[in-house]
Amino acid sequence: MSDSTPANLSIQDGIVVTLDYVLRVDGEIVDQSSDNGAIEFLQGYGQIIPGLERSLYGMVVGESKQVTVSAADGYGEIDEEDYAEVPRSEFPDEIPLEAGVELQMRDQDGDIFDATIAEVREETVLLNFNHPLAGKELEFSVTVLKLREAAQEELDHGHSHSGHEHDDEDED
Ligand code: ZN
């Protein structure tokens with residue numbers, strides 16, 4: 001497979017995009033590809049948040065853009081129901097019980113949920129299961145690094161195969 005990008009390729013459904021990004025919330029950088037690597041995804045298949053995906057159509061390699069994504073088109077509004085009160089005694093000693101601490105909870109089925117401690121009460125801890133960026137406006141600065149046509153197998157799977165990590169758990 002060649003790394004070269006045909007000059008006429010622009011972002012549309014079925015194109016695999018490699019994107020450099022900086023994500024700011026309230027002016028602070030919360031995530032960036034210089035820390036975590038550029039993201040690669042299949043455009044049009046919901047692999048990235050909808051508000052960002054929608055704004056990328058037509059971009060070409062080397063092009064940069066500022067994109068503001070509302071909470072609703074990002075990680076969603078905060079769901080006031082998505083909280084749970086858990087007895088303090090259920091937390092292992094090594095977990096610091098302080099507001100803002102992020103942890104993972106396992107339910108009876110063994111499924112793992114990310115949670116943030118919202119409040120520490122006398123006998124209980126209030127856990128917030130909303131995504132940490134729920135309710136936040138997201139400011140992205142993106143640059144298109146690479147574009148290529150997706151392989152048929154990627155279109156069938158609905159996600160990109162970057163070559164070094166095809167150990168998808170969601171294969172069907
Ligand atoms: Zn796959």
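The legends below describe close-up views of side-chain pairs in a predicted model.

**View 1. Salt bridge between arginine 54 and aspartate 73.** The closest N and O atoms of arginine 54 and aspartate 73 are 2.7 Å apart.

**View 2. Salt bridge between glutamate 119 and arginine 121.** The N to O distance between the side chains of glutamate 119 and arginine 121 is 3.1 Å. Glutamate 119 is partly exposed, at 36% relative accessibility. Arginine 121 is likewise partly exposed, at 29%.

**View 3. Salt bridge between glutamate 154 and arginine 148.** Here the side chains of glutamate 154 and arginine 148 meet with an N to O distance of 3.0 Å. Glutamate 154 has a relative accessible area of 2% and so is buried. Arginine 148, at 13% relative accessibility, also counts as buried. Both values fall on the buried side of the cut-off, which is under 20%.

**View 4. Network of Glu85, Glu119 and Arg121.** Salt bridges with shared partners link Glu85, Glu119 and Arg121 into one network.

**View 5. Aromatic pair of phenylalanine 113 and phenylalanine 129.** The whole structure contains 1 aromatic pair by the search applied. The ring centres of phenylalanine 113 and phenylalanine 129 lie 6.3 Å apart and the ring planes are at 85 degrees, so the arrangement is edge-to-face; planes over 60 degrees apart are assigned to this class. Phenylalanine 113 is part of strand E7 (residues 112-120), and phenylalanine 129 is in the loop between strand E8 (124-128) and strand E9 (138-149), so the pair ties together parts that are 16 residues apart in sequence.

**View 6. Accessibility of the two paired rings' residues, phenylalanine 113 and phenylalanine 129.** Phenylalanine 113 counts as partly exposed, with 39% relative accessibility. Phenylalanine 129 is partly exposed as well, its relative accessible area being 23%.

Notes. Residues numbered from 1 in each chain as written. Predicted model: local features only at pLDDT ≥ 70, side-chain atom pairs only at ≥ 80, totals over all residues. Heavy atoms only, no water. Salt bridge = Lys/Arg side-chain N within 4 Å of Asp/Glu carboxyl O. Buried < 20%, exposed > 50% of the residue type's maximum accessible area, 1.4 Å probe, protein only. Phe/Tyr/Trp six-rings, centres within 6.5 Å; stacked < 30°, edge-to-face > 60°. Helix = DSSP H or I, 4+ residues; strand = E, 2+ residues; numbered from the N terminus.
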